[in-house]
Amino acid sequence: KDLNAQARQMFEKAIELDPQYAEAYAGLGKVHYQDWFYVWSPHPAQSLEEAFQTYKTAVTFDDSLPIAHAILGEVYLWKKHHDQARVEAERAVTLAPSDADSLMYLGSILIFAGEPNRAIGLIEQAMRLNPRHPPAYLVSLAIAYRVMGRCEEALVPLQRAAALAPHFLQTRANLAMCYAELDRIPEAQAEV
């Protein structure tokens, strides 16, 4: 959270020095997105909207930034604009087909767009491209399995994510859901 605040200051300073610096807008957008995603902001809806506006500005100044399109796609997803989310994430992958984050974001979006099978392939590809991937990759993979009703398979990446980041809320929540769906109630309760 503190690093996010420091990053915000740096990106805001960069924008002040160059108001058309697309990468700085993309960085600031990620700060706002993380404030929303990790619930660091006292006003999460405002943080999501700020992420949305900042990423739109980034792609206006430079339409070739894959990460800007990828996370703009994520923001569209959470704003429930699934078609536009897919368009942005696919644009990111077109711009950088070997970028692990772009592939993971597209995979994450496809889970909620009704294509969890395709999502699994993309997320696994992202994990191969970035073997030091963050735990969020594992959680997205598990969510795809869970959406397909394959909770036993979802437990494997969730348990790996829990070992890497024991306090990551997304991991614990999905573990609880999987255990509950498998009728392993004591384990679900322990996760809650």
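This is a predicted model: local features need pLDDT of at least 70, side-chain atom pairs count only at pLDDT 80 or more; totals for chains, interfaces and linings use all residues.
Q: What share of the 192 residues is buried?
A: Buried residues account for 46% of the 192. The accessible surface of the chain comes to about 9,900 Å², and 54% of that surface belongs to carbon and sulfur atoms.

Q: Which residues touch the most other members of the largest nonpolar core?
A: Those are Tyr 33 and Ala 68, in a core of 60 residues.

Q: And what does Tyr 33 touch, leaving out residues up to four places away in sequence?
A: Tyr 33 touches Leu 48, Ala 51, Ile 71, Glu 74, Val 75 and Trp 78.

Q: Back to helix 10, then: what span should its 13 residues have, and how far apart are its end C-alpha atoms?
A: Helix 10 covers residues 169-181, and at 1.5 Å a residue it should span 18 Å; the end C-alpha atoms are 18 Å apart, which agrees with that expectation.

Q: Which of its residues are buried?
A: In helix 10 the buried residues are Thr 171, Asn 174, Leu 175, Ala 176, Cys 178 and Tyr 179.

Q: Why would residues three or four places apart point the same way?
A: An α-helix has 3.6 residues a turn, so residues at that spacing point the same way.

Q: What covers the buried residues of helix 10?
A: The cover includes helix 8 (135-147), helix 9 (151-164) and helix 11 (185-191).

Q: Is Arg 172 buried, partly exposed or exposed?
A: Arg 172 counts as partly exposed, because its relative accessibility is 25%, and the partly exposed class lies between the buried limit of under 20% and the exposed limit of over 50%.

Q: Which residues does Arg 172 touch, again not counting those up to four places away in sequence?
A: Arg 172 touches Ala 162, Pro 166 and Glu 191. With Pro 166 there is a polar approach as well, in that the backbone oxygen of Pro 166 lies 3.0 Å from a polar atom of the Arg 172 side chain.

Q: How far is Arg 172 from Glu 153?
A: Their C-alpha atoms are separated by 16 Å, and the two residues are 19 residues apart along the chain.

Q: What about the residue after helix 10, Asp 183: what is its phi?
A: The phi of Asp 183 is positive, near 60°, which is a positive value in a residue other than glycine. Asp 183 lies in the loop between helix 10 and helix 11, and at 62% relative accessibility it counts as exposed.

Q: Is Lys 80 buried or exposed?
A: Lys 80 is exposed, with a relative accessible area of 66%.

Definitions and conventions. Residues are numbered from 1 along each chain as its sequence is written. Side-chain values use heavy atoms; hydrogens and water are left out. Helices (H or I, at least four residues) and strands (E, at least two) are DSSP runs, numbered from the N terminus. The expected span of a helix is 1.5 Å times one less than its number of residues. Buried means under 20% relative accessible area, exposed over 50%, partly exposed in between (1.4 Å probe, protein chains only). Contact means heavy atoms within 4.5 Å. A polar contact is a pair of N or O atoms within 3.5 Å; within protein, one must be able to donate a hydrogen and the other to accept it, and residues adjacent in sequence count only if both atoms are side-chain atoms. Accessible areas come from the Shrake-Rupley method with a 1.4 Å probe; for residues, only the protein chains shown count as cover. A nonpolar core is a set of buried Ala, Val, Leu, Ile, Met, Phe, Trp, Tyr and Cys residues joined through side-chain atoms within 4.5 Å.
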